[in-house]
Amino acid sequence: MQASEDEMASAGLPGEKSLWTVKVVSARPKAHGRQARITAFVEVAADGLPGETKRTGKRAGSAELLWNETLVLNASAQSHLDVKLWSCHTLRNELLGTASVSLPAVLKQTWGKAESKQLTLDLQTENKGGLVSGGELTVFLDGPGVDTGGRPNGSVVAEGSQVAGRDSGGVAPSPETRPQAPSTNCFGGRSRAGRAAAGVARPSLASREVSPGAQHQPSGKSPGSAANGTADGESASAAPEAQEELAVPPPAAPGATPDSGAAPGPAEGEEPAPGSGGQPSPAAVQSLEALPPGWEQRELPNGRVYYVDHNTKTTTWDRPLPPGWEKRVDPRGRYYYVDHNTRTTTWQRPTAEYVRNYEQWQSQRSQLQGAMQQFSQRFLYQSSGASADNDPLGPLPPGWEKRQDNGRIYYVNHNTRTTQWEDPRTQGMIQEPALPPGWEMKYTSERVRYFVDHNTRTTTFKDPRPGFESGNKQGGSPGAYDRSFRWKFHQFRFLCHSNALPSHVKISVSRQTLFEDSFQQIMNMKPYDLRRRLYIIMRGEEGLDYGGIAREWFFLLSHEVLNPMYCLFEYAGKNNYCLQINPASSINPDHLTYFRFIGRFIAMALYHGKFIDTGFTLPFYKRMLNKRPTLKDLESIDPEFYNSIVWIKENSLEECGLELYFIQDMEVLGKVTTHELKEGGESIRVTEENKDEYILLLTDWRFTRGVEEQTKAFLDGFNEVAPLEWLRYFDEKELELMLCGMQEIDMTDWQKNTVYRHYTKASKQIQWFWQVVKEMDNEKRIRLLQFVTGTCRLPVGGFAELIGSNGPQKFCIDKVGKETWLPRSHTCFNRLDLPPYKSYEQLKEKLLYAVEETEGFGQE
C-alpha cells in the first residue's frame with residue numbers, strides 16, 4: 001500500500017502541465033522535385049500554442065540531416081505535439097512535412113512512463129492536391145510519469161470528494177487525517193502521500209490545497225460550515241486546479257460562482273513551503289507586461305503562474321483581459337471575446353501582445369490605404385474631359401459631347417440622341433482631301449488613326465494623301481521630331497491589343513502569402529497566357545475583378561517584390577529612393593528565377609496598362625531600351641564615384657603621379673574581387689592617351705558590376721511577355737512615366753515650397769517662369785519635374801518632402817549663367833539654374849527646349 005502511495009505521489013496527473021523533453025535526432029526528407037541539398041530546421045509546438053513553440057538550429061545536408069538537439073516544452077499528459085520540418089530559403093521557408101504526436105497515446109503504450117521513448121515519425125506534405133510522404137523524422141521523447149491505473153479520468157477522486165461532503169455532516173475532518181509536515185512536490189507545494197489512505201481525508205486535503213476560498217472565510221462561521229464551503233466550492237468547479245485534478249468537470253453546484261467566496265486558483269495568502277526552491281518553469285518566465293490596476297502575478301512552487309485580483313480578492317489561472325475586453329458565452333456554450341474599443345468580436349483570447357500587434361496592423365493598414373489612395377490617382381496624361389482649348393482639333397460641334405467608357409472614348413450626339421466611336425470633327429465634318437481609291441481610314445480602340453489599303457490588303461499608320469506625309473495633327477503618323485508621349489503610348493497600346501489573346505487567366509492569391517502565391521502561379525503559366533485578361537481572386541474575400549482588384553494586386557505585389565529587404569534590389573543612394581539590382585542578390589541560390597519572375601511581372605504591368613508602386617533608376621530603364629548609360633547618369637546613383645571619375649578626367653595623371661591600371665576592385669558581402677576592364681588590363685597602365693577609353697570602360701563596368709546575370713534574367717522574363725522592341729518609341733523618362741504613372745501637380749503647393757537663390761518672388765524671371773508652368777499641361781509639368789529632380793513622382797507629403805543629397809531639399813531656382821544659355825538642372829539638389837532672360841518669350845523657348853530636347857544637362 002505504501003509503495004502505491006509513493007508511486008502516486010511521484011506521478012503527475014493527466015491534466016497538469018510539466019516539462020517534456022523532445023530530442024530531435026535526424027531527418028530523411030524526400031526530394032519531390034526539389035534540389036538535393038537543403039538547409040532545414042525542425043519546429044515543435046505543444047497544443048498549437050505560440051508560446052510553447054521551439055525550434056532547432058539549421059542543418060544542411062542531402063539524404064539525411066543530423067541534429068541531436070534537445071527541446072524543452074511545457075505540456076500536459078493530454079497535450080498533442082505538432083512537429084514540422086522546414087526548408088530554409090532567403091525569402092521564405094518551405095514546409096517539407098508535418099507530423100503529430102499524441103502524448104496520451106504514448107503514455108498508454110509506455111504504461112504512463114515516457115522515458116527516452118524513441119519515435120520514428122512519418123512526415124506528411126501536400127503535393128499536387130494530395131497528401132504524400134515527406135520523409136521520416138527520428139525523435140526521443142522524455143517526460144514525467146503519470147499514474148493512469150488507479151484513477152481513470154479522476155473518477156475516484158470525484159467520488160471521494162462527494163462522499164466526504166455527505167458523510168461529514170458538516171463537521172470538518174479531524175486533524176489526524178491531514179498531513180502534518182508539508183513537503184515539496186509538483187501539486188502546489190504539499191505532499192499527497194495520504195490522499196489514498198481514506199476517502200474522508202481527500203476532500204480535506206483538497207480543500208487545503210486547492211480552494212483559495214478557504215483562506216477568505218468570515219470569522220463568524222463555524223468550522224463545519226467552512227469545511228462545507230470549501231468542499232462545495234471544490235465540487236462546483238470554481239477552482240481551476242480542482243478541474244484539472246478531476247480531468248472531467250463535475251456538475252456545478254447552485255450558487256457556486258467565481259465571486260461567491262470560493263475563488264478559483266491558489267490561496268491568496270498561501271506561502272510556498274520551505275525548500276521548495278528550484279529552477280523556474282517556462283511559465284514563470286512570461287513577458288512582464290503591464291497588468292490592469294489591482295492585479296498581481298504570482299507563481300506556485302511547481303512553476304505554474306496564477307493571477308490575484310486585489311479588487312475582488314479572488315484568484316484565477318487566466319491572465320486578465322486587456323482594458324475594454326469582455327468574455328462571453330454563446331448559446332452553444334462556446335466562449336468568445338468582445339472588444340468594446342472597436343466594437344468587434346473574436347474567438348481568440350486577446351493578450352497584450354495581440355492588442356499591440358492589432359494596433360500596429362491597423363496603423364500600417366491606414367498608411368497603406370493612404371499610399372494606395374495616392375497610387376490610384378496616378379495617370380498617364382490628362383483625361384479626355386480636359387479643356388477643349390488644348391485639343392488640336394478644336395471644340396466639338398454644337399450638341400456633341402466626348403465621354404469615356406473603360407478607357408475607350410466615344411461621342412454623344414444630343415441632337416439625335418445617338419452615340420458613335422468616330423470623332424465628328426474628322427468624319428465628314430472637317431474638310432479633308434479624299435483618300436485614294438481603295439483606301440479606308442479606321443481607328444483603334446485607343447483612338448489611334450490607321451489606314452487600310454484594300455488593293456494590297458495591308459495597313460499602315462502613314463496617311464496616303466498628298467500633303468499629310470509630314471505628320472501634322474490632322475492626319476498621318478507624327479513626324480520624326482514629334483515628341484508626343486500620347487502618340488507613342490497609343491502606338492504601344494495598339495501593339496498590345498493586336499497581340500492580345502481571348503478569354504482570361506485567373507490568379508488566386510492570399511494577402512498573407514501574396515509574394516509566394518504570385519510567384520508560383522506566374523512562373524507555372526506559359527508566358528503568352530499572361531497576355532490574356534487578368535482575373536485576380538483574393539482568397540477569403542468576396543469580390544469580382546473588373547479592374548480594381550487587379551490594380552490593387554499590381555500595387556501590393558510591386559511593393560513586395562521590389563522591397564529592398566528581400567536583397568533583390570537596393571536603393572540607388574542615400575538620397576535616391578529609386579531601385580537598382582543588388583549585386584549581393586546572388587547569395588540567394590534561386591535569385592535568377594526571381595528576377596525572371598519580376599521581369600514577367602513588370603511586362604504584365606506595361607502590357608495591361610497598370611502602374612507599379614516603386615520605380616527603377618534611369619540607367620536601368622536605358623538598359624531596358626538597349627541604350628548605353630552615360631557618365632552623367634552616374635551622378636544620380638553614385639555621386640562619390642562620379643566625382644572621382646570627373647577628377648581623373650579633368651586632371652593630368654602624370655603630374656599627379658597617379659598610377660592606375662585597367663582593373664577595378666569590387667566588394668560584395670566582405671569578399672573583394674578584381675575585374676579587368678579589358679583583356680590584359682592588369683598590366684595596361686592608364687595614360688593621358690588612353691584615359692578616355694578607361695573612363696568609358698569604367699563607367700560601363702559601374703553600371704553592370706555584379707548584376708549582368710540578374711539583368712539578363714530580368715530582360716528575358718520581360719521579353720517572354722512583351723517584346724522589348726515594342727518600347728523602341730520611348731526614351732527612359734517616358735518609360736518610367738508609363739510604368740509608374742504621374743500625379744496631378746498642385747501648383748499652389750509647388751510655388752509655396754520653392755526657394756530662390758539670387759532671385760526673389762518679385763523677380764520678373766520668376767514671375768515669367770510660373771506663368772510658363774501654369775500654361776503647361778500636366779504632362780509637360782511632369783517632364784519639368786523629372787528634368788529638375790530626376791523622377792516623375794512626388795513624395796506622399798508633396799513638394800515639402802522632396803529629398804536631396806543632404807536630406808530634405810525643396811525645389812530651388814538659382815540665378816546662374818548668361819541669357820544665351822539653356823536652363824540646367826542638378827537632380828541631386830533639386831535645383832534649376834535659370835539664366836536672367838530678357839523676355840518672357842525667350843524664357844519660355846529656352847525652358848521648353850531644355851526640358852524636351854536635351855539630355856545630360858550639358859548643352860548650352
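Is Cys88 buried or exposed? Cys88 is buried, because its relative accessible area is 14%, and buried means under 20%, exposed over 50% and partly exposed in between (1.4 Å probe, protein chains only).

## Before you look around

This is a predicted model, where local features need pLDDT of at least 70 and side-chain atom pairs count only at pLDDT 80 or more, while totals for chains, interfaces and linings use all residues. Residues are numbered from 1 along each chain as its sequence is written, and side-chain values use heavy atoms, with hydrogens and water left out.

## Cysteines and a serine

Cys567 counts as partly exposed, because its relative accessibility is 21%. Search the whole structure for disulfides (pairs of cysteine sulfur atoms within 2.5 Å) and you get zero.

Cys567 also turns up beside Ser585. Setting aside residues up to four places away in sequence, Ser585 touches Cys567, Leu568, His591, Phe595 and Gln710, where contact means heavy atoms within 4.5 Å. You'll find Ser585 in the loop between β25 (576-581) and α11. Helices (H or I, at least four residues) and strands (E, at least two) are DSSP runs, numbered from the N terminus. Ser585 counts as buried, because its relative accessibility is 2%.

## Two nonpolar cores

A nonpolar core is a set of buried Ala, Val, Leu, Ile, Met, Phe, Trp, Tyr and Cys residues joined through side-chain atoms within 4.5 Å. The largest one here has 93 residues, and Trp553, Phe616, Leu727 and Phe769 have the most contacts inside it.

A second, separate core holds 32 residues, including Leu73, Val106, Leu119 and Leu141.

## Helices that meet

Take helix α14 (residues 639-650) and helix α16 (residues 691-704): their axes come within 10 Å and cross at roughly 170 degrees. Axes are lines fitted to C-alpha atoms, for helices over the stretch in contact, and angles run from 0 to 180 degrees between N-to-C directions. That makes α14 roughly antiparallel to α16. Angles under 35 degrees count as roughly parallel, over 145 as roughly antiparallel, 65 to 115 as roughly perpendicular and the rest as oblique. Among the α14 residues that meet α16 are Phe641 and Ile645.

Helix α21 (residues 778-789) and helix α22 (residues 840-853) have axes that come within 9 Å and cross at roughly 75 degrees, so α21 and α22 are roughly perpendicular to each other. On the α21 side, Lys780, Arg783, Leu784 and Phe787 meet Leu847, Ala850, Val851 and Glu852 of α22.
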